[in-house]
Amino acid sequence: MYLPSDDSIFLSNIVNDYHGQLALEIGTSSGTIFRELSKNFSIVIGTDIDFNSLKHSLMMSKNDRLICCDAATALHNVKFDLIVSNPPYLPNAKNHTDKTVDGGPTGVEVLIHFLTSVIDKLNNNGKILILVSSLSDKGKLERFTSKNNLIKKQIAQKDLFYETLQIIELSK
Ligand SMILES: C[S@@+](CC[C@H](N)C(=O)[O-])C[C@H]1O[C@@H](n2cnc3c(N)ncnc32)[C@H](O)[C@@H]1O
């Protein structure tokens, strides 16, 4: 399970500025960001590929749901006002695997997989909020967003001693 860290707190503070009916978080784990979403959205759905992480998620409101699945692949015929993810974003380590942090060979492949699974589930006026790190290949992400006609806006930046974190908002 991913223990809430600087990145989780950073994104959960930003999420507070968004309101609406339906929100989705991909990679919920123990629910730090999910609980913030729940304050401002009528219904929140969280997914995680790791069932054990979801088991540790604390109390939710009666309208909220957690689903163990890959990205948003279990969801159909639904459109969200806000889709959020603090994805695994580190380039894969050579000698071990950890699905909570391994973002693929250049650190953005898992995020691109998440985005691919949610593009058709975003309301026309909806927003996607993602966390990206200076340690991953932002050029590859940039090419993906341009190819899919997503408008990109930087919402916040945080410098840590080993990396810089950015929160990016995407819209259609
Ligand atoms: C960096 S952690 C973020 C956890 C939590 N949202 C937070 O901010 O503290 C990334 C999460 O994504 C989950 N994850 C990894 N691959 C996934 C996939 N293909 N589909 C859904 N969740 C996935 C991991 O299990 C992990 O809980």
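The model is a predicted one, in which local features need pLDDT of at least 70 and side-chain atom pairs count only at pLDDT 80 or more, while totals for chains, interfaces and linings use all residues. Residues are numbered from 1 along each chain as its sequence is written.

Helices (H or I, at least four residues) and strands (E, at least two) are DSSP runs numbered from the N terminus. The buried residues of helix 2 are T32, I33, F34, R35, E36, L37 and S38, and their cover includes helix 1 (6–15), strand 1 (20–26), strand 2 (41–48) and strand 4 (80–85).

Around the ligand there are 22 residues, of which S8, G27, S29, I49 and N86 come nearest (a residue is near if its C-beta atom, placed from the backbone, lies within 6 Å). Helix 2 and strand 2 are the elements that give two or more residues to this shell.

S117 lies in helix 4, residues 109–118, and counts as partly exposed because it has 19 C-beta neighbours inside 10 Å. Leaving aside residues up to four places away in sequence, S117 touches A71, A72 and T73, where contact requires C-beta atoms, placed from the backbone, within 7 Å. The C-alpha atoms of S117 and L75 are separated by 9.3 Å, although these residues are 42 residues apart along the chain.

Key. Buried ≥ 20, exposed ≤ 12 C-beta atoms within 10 Å, placed from the backbone. Contact = placed C-beta atoms within 7 Å.
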